[in-house]
Amino acid sequence: MKFQGSENYVATDDLMLAVNAASTLQKPLLVKGEPGTGKTMLAEEVAATLGIPLLQWHIKSTTKAQQGLYEYDAVSRLRDSQLSSIDGGDKVKDINNYIVKGVLWQAFTAEQPVALLIDEIDKADIEFPNDLLREIDRMEFYVYETRQLIKAKHRPLVFITSNNEKELPDAFLRRCFFHYIKFPDAVTMQKIVDVHYPGLKKELLNAAMKTFYEVRNLPGLKKKPSTSELLDWLKLLVAEDISLEALQSKDDKVSIPPLVGALLKNEQDVTLFEKLVFMQSRNR
């Protein structure tokens with residue numbers, strides 16, 4: 001089955017092509033892009049569109065690759081063995097009772113094909129991607145405690161997202177199909193907004209979009225506002241019944257928009273923006 005977008009997700013032609021290419025090559029799709037450009041949501045929408053379950057593994061700085069395979073709970077087994085005289089110790093004799101299956105194990109042994117999301121892989125230790133090379137490439141791993149070889153019944157459709165916080169190893173990159181989600185242009189962004197707010201007045205949307213891109217294109221911003229922040233801002237504009245006049249700047253000069261805290265998320269960027277507005281007001 002081919003991914004052709006969905007009603008809830010505006011996918012560009014090159015993004016749909018990347019999803020289908022990764023599926024054809026049976027390689028993980030490594031998706032990079034700014035935060036808020038829909039990398040995680042892509043996996044969710046592809047799974048929903050293709051009608052397959054989605055397993056998600058959200059990576060943290062402390063996450064180890066082994067956790068995606070399985071974990072052996074030796075502490076619980078030791079505790080249970082100390083209490084074995086009370087309950088007979090039948091549970092302790094079977095080591096499988098202390099093997100906690102990870103997301104990859106679940107994906108490999110699923111009775112039907114599944115989608116697997118490894119979200120924000122760049123948050124983990126630099127060795128994390130290398131530790132998964134063999135498992136992702138060969139679709140199998142060995143459980144030493146039970147002496148089992150776990151092989152994938154069906155190759156999952158793997159999505160891996162990265163915010164570019166760390167460079168990924170070359171050996172890992174060779175095993176992936178890569179796609180960079182560019183920040184949406186005004187036309188694509190309007191389609192995204194229409195999905196979330198189909199009844200938004202055109203005049204208000206046009207004025208808000210103009211202000212949003214003016215803020216985003218301000219040189220020197222530490223954190224540029226993303227798609228998700230634009231959607232939050234639009235929701236607030238509607239909820240607070242902000243007038244069209246409040247969004248329209250005079251003489252094509254940049255002005256401080258209402259509820260700017262939805263767009264700019266640190267004091268340096270707010271200060272920079274206020275200085276630009278002040279300098280422009282003095283030059284009028």
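**A loop residue and its setting**

A: E127 lies in the loop that runs between β5 (115–119) and α8 (128–131). The model is predicted, and in it E127 is partly exposed because its relative accessibility is 41%, which falls between the 20% limit for buried and the 50% limit for exposed. E127 and Y213 are 86 residues apart along the chain, and their C-alpha atoms are separated by 38 Å.

Helix α12 covers residues 202–216, 15 residues in total, and reaches 21 Å from its first C-alpha to its last, close to the 21 Å expected at 1.5 Å a residue. As background, an α-helix has 3.6 residues a turn, so residues three or four places apart point the same way.

Helix α12 is also a packing partner of α13: the buried residues of α13 pack against α11 (186–196), α12 and α14 (244–247). Those buried residues are T227, E229, L230, L231, W233, L234 and L237. The end C-alpha atoms of α13 (residues 227–239) are 18 Å apart, which agrees with the 18 Å that its 13 residues should span at 1.5 Å a residue. After α13 comes D241, with a positive phi near 55°.

Two other residues also have a positive phi. As a rule, most residues other than glycine have a negative phi. Q26, which is not a glycine, has a positive phi of about 55°, and its place is in the loop between α1 (13–25) and β1 (29–33). R147, also not a glycine, has a positive phi of about 55°. The loop that holds R147 runs between β6 (140–143) and β7 (148–151), and R147 counts as exposed because its relative accessible area is 70%, over the 50% cut-off.

H179 gives a contrasting case of accessibility. H179 sits in strand β9 (residues 177–181) and counts as buried because its relative accessibility is 9%, under the 20% cut-off. Leaving aside residues up to four places away in sequence, H179 touches D14, L15, A18, L29, L30, V31 and K32. Among these contacts, L29 falls within the range of β1 (29–33), and D14 within that of α1 (13–25).

These parts belong to a protein chain with 15 helices and nine strands. Of its 284 residues, 43% are buried. Among contacts with a separation of 6 or more, 74% are between residues 24 or more positions apart. The radius of gyration is 24 Å, whereas a compact globule of 284 residues would have one near 19 Å. Along the principal axes, the C-alpha atoms fill a box of roughly 85 × 45 × 35 Å.

The accessible surface comes to about 15900 Å², and carbon and sulfur atoms account for 51% of that surface. The protein chain carries 37 positive and 40 negative side chains, with the centres of the two sets 3 Å apart.

Conventions
Residues are numbered from 1 along each chain as its sequence is written. This is a predicted model: local features need pLDDT of at least 70, side-chain atom pairs count only at pLDDT 80 or more; totals for chains, interfaces and linings use all residues. Side-chain values use heavy atoms; hydrogens and water are left out. Helices (H or I, at least four residues) and strands (E, at least two) are DSSP runs, numbered from the N terminus. The radius of gyration is taken over C-alpha atoms; the globule rule is 2.2 Å times the number of residues to the power 0.38. Buried means under 20% relative accessible area, exposed over 50%, partly exposed in between (1.4 Å probe, protein chains only). Contact means heavy atoms within 4.5 Å. Accessible areas come from the Shrake-Rupley method with a 1.4 Å probe; for residues, only the protein chains shown count as cover. Lys and Arg count as positive and Asp and Glu as negative; His and the chain ends are not counted. The place of a charge is taken as NZ of Lys, CZ of Arg, CG of Asp or CD of Glu. The expected span of a helix is 1.5 Å times one less than its number of residues.
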